[in-house]
Amino acid sequence: MGLIKWLLEKRKKWDEGEEEAWDDIAYEQDELDIHNREERHKYINECLAQMKDASQEIQILSGEYNVVTSYLTDMEEIERLPGQEQEILKEICTKIVTLSEDKVSYEERKSRMPDELYRSMSRREEDAEEGIHKIDEAEKYQALIKQDMRKLDSEKSAYHYRRNELRNELLNLRGMTMIILGAIAFCFLLLFILQAALSFDTRLGYLLAGAGAAIVITFIYFRYANAERELTQVTQAIGRLVQLHNTVKIRYVNNTGLLDYLYTKYGVDSGAQLQSRWKQYQEEKEERRKFRRTELELDLYQTELMEHLKQYNITEPRRWLNQALAIIEPKEMVEIRHELIVRRQSLRKRMDYNKDVAGSARDEIMDVVTKYPEYADEIQGMVDRYEKMY
């Protein structure tokens, strides 16, 4: 384990040394065949290219360096303002920070109504409440119609059941009548045989059989008549129920069509859904109104802040629109200043490095001219062409 750790540390030192060496610019003039025109031109052009790259980098870094410096200068100007002027700025910046937080809070709100649904409800804003009322009435009427239809279906089933009972009763009574008539005929035949063959006095038997038959037939007749009359009434009632059921069906179909039309018109599945969307739309409309007002107020205060900063000779007033908190909170200002100072130091270091690169490349060219004066005019011409181009 100790050997592995030593190797790893050694490798780390090599890597660090290698990266440090990468920053150094080395010129291998001793390896150059200066009398070879192609190699000489290539070497000088490489030096000029280094000067060009370094100069371009310095130009870019200088622009950023000036921006950072102006930022720091603006901070100093703001901090040097009189107390009354600072209070005015702080008051404006407090409004900007508060309004910016409100704006972010609205934009990140999870319960926001989708824009497509909001636009859809906005198009129906004028008649949405009327639509809610119409759908509510139609749905209530639909419930009543269904209730009536269920009652009619129940009554019709009861009447159908009673009609079947009466029909069976009539069949039974007719069968009973035939049986009784057969029984009476048999009794009369038996009495006749007793009278004729055995000379029995059957007058009382005839009387009793006739009386019994009359009573039974009379009972059956009245039962049959009542059943037949009730069957007629039940059949008529079923007919009336069918007609009434058809009328209710027509109302059901028409009301269903009305509901389908209203659901399609407002893009909902129920009145409760439309009512919920209407409530959500009203809340969203109010939130968006507040958001627009917040944006307008924020824009006004930002404009006011820029106008004040321009009066105080701040070079870039616009950058402070997103740094309003730093004007209110000294701690925030300190953190921004520290960050800017670190950035400027980094830029300064990179600018110095590129200046060294450009200077080293120029010194290398001058060294070649000094050592080989016979090529001085040629090299100077190359430098002049480079300077004209860049």
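Start with the rings: there are five aromatic pairs to find here, where a pair means Phe, Tyr or Trp rings (for Trp, the six-membered one) with centres within 6.5 Å, called stacked if the planes are under 30 degrees apart, edge-to-face if over 60 and tilted for the rest. Before you click, remember that this is a predicted model, so local features need a pLDDT of at least 70 and side-chain atom pairs count only at 80 or more, while totals for chains, interfaces and linings use all residues. Numbering runs from 1 along each chain as its sequence is written, and side-chain values rest on heavy atoms, with hydrogens and water left out.

**Stop one: Tyr 71 and Trp 320**

Select Tyr 71 and Trp 320. Where in the chain do Tyr 71 and Trp 320 sit? Tyr 71 is in helix α2 (residues 37–79), and Trp 320 is in the loop between α7 (271–311) and α8 (324–328), so this pair links distant parts of the chain, 249 residues apart. Helices here are DSSP runs of H or I with at least four residues, strands are E runs of at least two, and numbering goes from the N terminus. Both Tyr 71 and Trp 320 are buried, meaning under 20% relative accessible area; over 50% is exposed and in between is partly exposed, using a 1.4 Å probe and protein chains only.

For another example, pick Arg 40, whose charged end sits over the ring of Tyr 375 at 3.8 Å from its centre.

Now grab Met 75, Leu 89, Leu 305, Leu 309 and Trp 320. These have the most contacts inside the largest nonpolar core, which has 30 residues. Such a core is a set of buried Ala, Val, Leu, Ile, Met, Phe, Trp, Tyr and Cys residues joined through side-chain atoms within 4.5 Å. Colour by helix and you'll see that α2, α3 (83–107), α7, α8 and α9 (330–371) each supply at least two residues. Which helix gives the most to this core? That's α2, with seven residues.

Zoom in on Leu 309. Leaving out neighbours within four places in sequence, Leu 309 is in contact (heavy atoms within 4.5 Å) with Ile 78, Leu 89, Ile 314, Pro 317 and Trp 320.

**Stop three: Asn 313**

Slide along to Asn 313, in the loop between α7 and α8. Its phi is near 60°, a positive value in a residue other than glycine. Most residues other than glycine have a negative phi. Asn 313 is exposed, at 62% relative accessible area.

**Stop four: the end of the chain**

Jump to Val 383, found in helix α10 (residues 376–389). Is Val 383 buried or exposed? Val 383 is buried, with a relative accessible area of 5%. Not counting residues up to four places away in sequence, Val 383 touches Leu 48 and Ile 365. Draw a C-alpha to C-alpha distance to Ile 44: 8.6 Å in space, against 339 residues in sequence.

Tyr 221 and Phe 222 make another edge-to-face pair, 5.6 Å centre to centre with 70° between the planes. Tyr 221 counts as exposed at 56% relative accessibility, and Phe 222 as partly exposed at 49%. Then select Tyr 118, Trp 278 and Tyr 281, which form one aromatic cluster.

Cys 47 is buried at 2% relative accessibility, as is Cys 93 at 0%. Cys 187, in helix α5 (residues 128–198), is partly exposed at 36%.

**Last stop: zoom out**

The chain has 10 helices and zero strands, and 29% of its 390 residues count as buried. Colour by pLDDT, the predictor's confidence in each residue from 0 to 100: the average is 83, and 90% of the residues score at least 70.

Key. A charge sits over a ring if NZ of Lys or CZ of Arg is within 6 Å of the ring centre and within 35 degrees of the ring normal.
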